[in-house]
Amino acid sequence: MAHSEYVVSIIDKIIVACPIFANDNKTIVGSILIYKTEVKSEAEKLLKGDPYYSSDIWDKISTNTFRGAIGDVVGGKAFIKKWHPFYYKRNAKELDSMLS
């Protein structure tokens, strides 16, 4: 199975997958893959299933937690309350007026 076929086969588990380009907008310098999972081991399993992983296309791989706060990818604006409760509590009035 090729990389593109693999990505299509797990598309329901992907938030975003794309190359990262250098400033010339032509040279690929990396990739970003954000999976829909709460469990790091599941994300690692999805990554290891990608044919690119076994072909050693990447020199370095790091696995980190992504917690989107605001934007289309995380359902709009409400998530700031969940992920940044201290900030939200201190600035609730201002944020509510900005986010409504």
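Is K13 buried, partly exposed or exposed, and at what relative accessibility? K13 counts as partly exposed, because its relative accessibility is 31%; buried means under 20% relative accessible area, exposed over 50%, and partly exposed in between, with a 1.4 Å probe and protein chains only.

The model is a predicted one, in which local features need pLDDT of at least 70 and side-chain atom pairs count only at pLDDT 80 or more, while totals for chains, interfaces and linings use all residues. Residues are numbered from 1 along each chain as its sequence is written, and side-chain values use heavy atoms, with hydrogens and water left out.

**Overall architecture**

- The chain contains five helices and two strands; helices (H or I, at least four residues) and strands (E, at least two) are DSSP runs, numbered from the N terminus.
- Along the sequence, these elements follow the pattern α-β-β-α-α-α-α.
- Of the 100 residues in the chain, 20% are buried.
- Among contacts between residues at least 6 apart in sequence, 24% join residues at least 24 apart, where contact means heavy atoms within 4.5 Å.

**Salt bridge**

- One salt bridge is found in a search of the whole structure; the term denotes a side-chain nitrogen of Lys or Arg within 4 Å of a carboxyl oxygen of Asp or Glu.
- The partners are K13 and E42, whose closest N and O atoms are 3.8 Å apart.
- K13 lies in the loop between α1 and β1 and E42 in helix α2 (residues 40-48), so the pair ties together parts that are 29 residues apart in sequence.
- In general, side chains of opposite charge can pair when their charged atoms come close.
- E42 also counts as partly exposed, because its relative accessibility is 30%.

**Helix α2**

- A43, L46 and L47 are the buried residues listed for α2.
- These residues cover an arc of only 100° around the axis, which puts them on the same side of α2; the arc is that of the directions from the helix axis to the C-beta atoms.
- K45 and K48, on the other side of α2, are exposed.
- The packing partners of the buried α2 residues are α1, β2 and α3 (51-54).

**Second largest pocket**

- The volume of the second largest pocket is about 210 Å³. On a 1 Å grid over the protein atoms alone, a pocket is an open set of points where a 1.4 Å probe fits, with protein on both sides within 12 Å along at least five of seven lines. Grid points are joined across faces, edges and corners, and a volume is the space filled by probe spheres set on the points.
- Its lining comprises 14 residues, of which P19, G30, S31, Y52 and W58 lie nearest the centre; lining residues have an atom within 4 Å of a point.
- At least two lining residues come from each of α1 (3-9), β1 (14-21) and β2 (28-35), and β2 gives the most, with six.
- By class, the lining has 11 nonpolar, three polar and no charged residues. Ala, Val, Leu, Ile, Met, Phe, Trp, Tyr, Cys and Pro count as nonpolar, Asp, Glu, Lys and Arg as charged, and the others, Gly among them, as polar.

**Strand residues**

- G30, in strand β2, is buried, with a relative accessible area of 18%.
- Leaving aside neighbours within four places in sequence, G30 is in contact with P19 and I20.
- G30 and I61 are 31 residues apart in sequence, and their C-alpha atoms are 9.6 Å apart.
- C18, in strand β1, counts as partly exposed at 29% relative accessibility.
- Not counting residues up to four places away in sequence, C18 touches S31 and I32; from C18 to S31 the C-alpha distance is 5.7 Å, across 13 residues in sequence.

**Loop residues and backbone angles**

- Most residues other than glycine have a negative phi.
- V39 lies in the loop between β2 and α2 and counts as partly exposed at 44% relative accessibility.
- V39 and T65 are 26 residues apart in sequence and 9.5 Å apart in space, C-alpha to C-alpha.
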